[in-house]
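Me: I'm new to this structure and would like to learn how to read it. Could you walk me through some features, one at a time?

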Amino acid sequence: MIKRVLVTGGAGYIGSQLVRILLKEGYIVRTIDSLKFGGHTLIDVFTNPNFEFYKGDIRYESDLRNALQNVDAVCHLAAIVSDPTCKAFPEEATQVNVNASILLHRLCEEFKIQRFVFASTCSNYGKMQDPNSYLDETAELKPVSHYSVTKVAFEKYLLEKETSVCTTILRFSTVYGASPRTRFDLTVNEFTRDITVGRELQIFGEKFWRPYCHVNDLAAAMALVLKSEENKVKGEVFNVGRTDQNYTKEMLVDEIKKVIPSMKVTFIHQDEDPRDYRVNCDKIAQKLGFQITKNVPEGILEIHNLVKSGLIEDPFASQYKNM
């Protein structure tokens, strides 16, 4: 029985949502986070008697050993995230996303952890060969950035390893939406923010595909895996999102126009993009009953209203991006 869950990166964009979901579901939730982007996202849950916080770095074995004491399951979100960040800090990205992740999983075996859920990414697919296809979990991985290279490397480790820990890989769609640690360096959020404040959009490669999923739904998928039957999730890989939530940038603009008809946009055509993929997410729906609660148009409206409200004083501040 799972009682205490460790969330690595629990102060982050998705992690801060997951912490709240797990607390509502009655778990004791422990978080380890280095607080690179601050700890304000967890202040309101700090006094919850079922919340435990460890400030630490997953690259250090001593920090991990402290955090894993009496833990039943691990949701592993801590990472150097995004292509630009990993390109700027490749060594740190490898240390965190690969080496530290392997160390964490090995310690989970030692501590006899029951469940290990890893947040990977659909960007591992790179570029689809057939422009009319949808990529499912059996598709070849073709990482084209250092970020996805590190994610594929740890996936490979997990899939090739015989382990007593019930391990599940979730390949997340591109995330959007409001969170206790909202980011504006992600396509839907960035486009909507810029248009809301009156900027003109300049978009490169408007015809290339990505799958999208709301931050709360990605977090909920991790929580769902924890309570799913072991024989349904052990050693499994799931794309997370919904198959009809694949969009090109041009399609995103069309949706934003419905909210802000006066928007101005310039498309700069590109014949090549290293990433171009549509993803099939039927497996997680059929096998685990996963359903999204928000779609892209609803997420656009959410971000538009958030920026327009003035609640965020400066949506261009560095705290809202990963660089």
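**Cysteines, strands and charged pairs**

Reply: Happy to, and please keep in mind that this is a predicted model. Let's start with the cysteines: searching the whole structure turns up 0 disulfides. Cys108, for one, is in no disulfide, and the nearest cysteine sulfur, that of Cys75, is 11 Å away.

Me: What is a disulfide, in general?

Reply: A disulfide is a covalent bond between the sulfur atoms of two cysteines. In this model the sulfur atoms of such a pair must be within 2.5 Å to count. Cys213 is likewise in no disulfide, as the nearest cysteine sulfur, that of Cys281, is 7.5 Å away.

Me: Is Cys213 buried or exposed?

Reply: Cys213 has a relative accessible area of 1%, so it is buried. Cys108 is buried too, with a relative accessible area of 0%.

Me: Let's turn to strands. How do the strands of a sheet pair?

Reply: They pair through backbone hydrogen bonds, either parallel or antiparallel.

Me: Which other strand is joined to β6 by bridges?

Reply: Strand β10 (residues 236-240) is joined to β6 by 5 bridges, and these two run parallel. Here Phe172 stands opposite Val240 in β10.

Me: How many residues of β6 are buried?

Reply: In β6 (residues 166-172), 7 of its 7 residues are buried. Both faces are covered: Cys166, Thr168, Leu170 and Phe172 lie on one side, with Thr167, Ile169 and Arg171 on the other.

Me: What is the order of the strands in the open sheet of 3 strands?

Reply: The order is β7-β9-β11, with mixed pairing. The edge strands, each pairing on one side only, are β7 (174-176) and β11 (246-248). From one strand to the next, the twist averages 50°. β7 pairs with β9 (residues 209-214) in the parallel sense over 3 bridges, and Thr174 has Tyr212 in β9 as its bridge partner.

Me: Which helix lies across β7 and β9?

Reply: That is α7 (residues 215-227), which runs at about 75° to β9. Helix α9 (residues 249-259) also packs on the sheet, where it touches β9 and β11. The direction of α9 makes about 90° with that of β11.

Me: Which side chain meets that of Arg171 in a salt bridge?

Reply: Glu155 does, with 2.7 Å from N to O. Glu155 lies in helix α5 and Arg171 in strand β6, so the pair ties together parts 16 residues apart in sequence. Both Glu155 and Arg171 are buried.

Me: Which residues are linked in a network of salt bridges?

Reply: Arg4, Arg30 and Glu52 are linked in such a network.

How values were computed
Residues numbered from 1 in each chain as written. Predicted model: local features only at pLDDT ≥ 70, side-chain atom pairs only at ≥ 80, totals over all residues. Heavy atoms only, no water. Buried < 20%, exposed > 50% of the residue type's maximum accessible area, 1.4 Å probe, protein only. Helix = DSSP H or I, 4+ residues; strand = E, 2+ residues; numbered from the N terminus. Pairing = 2+ DSSP bridges. Axes fitted to C-alpha atoms, helices over the stretch in contact; angles between N-to-C directions. Contact = heavy atoms within 4.5 Å. Salt bridge = Lys/Arg side-chain N within 4 Å of Asp/Glu carboxyl O.
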